[in-house]
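Open the model in your viewer and keep the selection panel at hand. The stops below go from one chain to an interface and then to a single residue.

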Amino acid sequence: MTGEDVRSALSLTLIGAGIAFFLAGSIGVLRLPDLLSRLHALTKADNLGLGLVVLGLTLQADDAFQVVRLLLVWLLVLFASSVACYLVAHSATHANGEPTPTVGPDNPSMDKRDGR
Amino acid sequence: MRRQRAALSVRSSALGALLALLWFVLTGGAVSSWIVGVPTIAAALVLARQIERLTSPLRLDPAGVLGFVTYFLRESVRGGIDVAGRVSARRLRVAPGLVRYRWRLPADGPARALFALSASLLPGTLVAAVGEHEVLIHALDAKGPVPAELAELEQRVAGLFALRLSAPGATDA
């Protein structure tokens with residue numbers, strides 16, 4: 001195998017791993033019991049998932065400019081994801097003007113914040 | 001007053017230059033992209049002036065920056081694997097709950113903002129509300145060592161900005 005082949009293989013492996021984390025994040029959104037827990041799955045899994053996809057793509061980049069651009073995309077998405085997550089979490093915990101305690105998995109039926 | 005205004009306009013121009021550079025890198029320098037870019041940067045500057053209070057100048061510690069970046073990357077990997085493992089187990093391994101954490105970072109400056117932004121991306125913690133003295137954290141596993149992990153993040157943020165924190169242990173969960 002040439003160096004180019006190794007690089008493509010590594011790149012595809014990283015992108016595949018990234019996609020797996022996106023999938024795990026989506027499974028988390030479906031399985032977790034309440035809104036705030038679901039946000040965990042989205043923020044953490046997508047942070048790592050996109051990070052791995054970006055890392056895989058930098059191996060295929062033509063020049064340093066593209067590498068910087070890809071890293072910048074990752075950072076901006078992280079920033080947006082964290083801010084959006086805070087806004088959702090904040091409005092969920094302050095729905096009645098008071099921070100409401102979250103409900104554990106033992107009693108998810110009590111949790112009406114996500115409209116279930 | 002005049003000095004404050006001068007400092008603010010210096011800061012605005014610096015921010016404008018930084019945003020323009022960001023836009024240039026993101027769009028690859030396509031001339032037509034500035035049709036969107038210029039109004040966006042102008043709007044960002046107006047917003048920044050509305051929310052910005054004049055604070056002490058930023059001080060970054062190079063070793064602290066490196067330490068923070070390493071920590072953030074390592075914890076991102078741990079966070080992703082952690083949450084993926086918890087949700088793909090046959091029985092969900094979660095015990096969600098809210099944890100109050102008392103700030104040790106100073107209220108002025110960007111340290112608290114960086115802490116809040118990072119905490120939501122790092123394993124098991126999510127910022128639900130930011131208060132004057134406390135921050136309300138939602139933990140995916142409230143029985144885990146949440147305060148200790150938050151204390152470490154706080155320490156790393158303090159290191160990045162070359163700040164000193166009071167001794168740990170003053171935190172209450």
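Start by showing the surface of chain A. Its accessible area is about 6,200 Å², and 70% of that belongs to carbon and sulfur atoms; such areas come from the Shrake-Rupley method with a 1.4 Å probe, and for residues only the protein chains shown count as cover. This is a predicted model, in which local features need pLDDT of at least 70 and side-chain atom pairs count only at pLDDT 80 or more, while totals for chains, interfaces and linings use all residues. Residues are numbered from 1 along each chain as its sequence is written, chains are lettered from A and ligands numbered from 1 in the order in which they are written, and side-chain values use heavy atoms, with hydrogens and water left out.

The chain has 3 helices and 0 strands, and its elements run α-α-α from the N terminus on. Helices (H or I, at least four residues) and strands (E, at least two) are DSSP runs, numbered from the N terminus. Of the 116 residues of chain A, 38% count as buried, meaning under 20% relative accessible area, with exposed over 50% and partly exposed in between (1.4 Å probe, protein chains only). Among contacts in chain A with a separation of 6 or more, 67% join residues 24 or more positions apart; contact means heavy atoms within 4.5 Å.

Next, select the interface of chain A and chain B. The contact takes 42 residues from chain A and 41 residues from chain B. The two chains bury about 3,100 Å² between them, 76% of it on carbon and sulfur atoms; buried area is the accessible area (1.4 Å probe) that two parts lose on being put together, summed over both. Pick out Arg31(A), His40(A) and Lys44(A): in chain A they lose the most area to chain B, together 21% of what that side buries.

Now colour the chain A side by helix. Helix H1 (3–31), helix H2 (35–58) and helix H3 (64–93) of chain A each supply at least two residues to the side that touches chain B. H3(A) gives the most, with 17 residues.

Last, go to Ser12(B), in helix H1 (residues 2–27) of chain B. Is Ser12(B) buried or exposed? Ser12(B) counts as buried because its relative accessibility is 12%. Show Leu45(B) and Arg49(B) as well: Ser12(B) touches both, not counting residues up to four places away in sequence.
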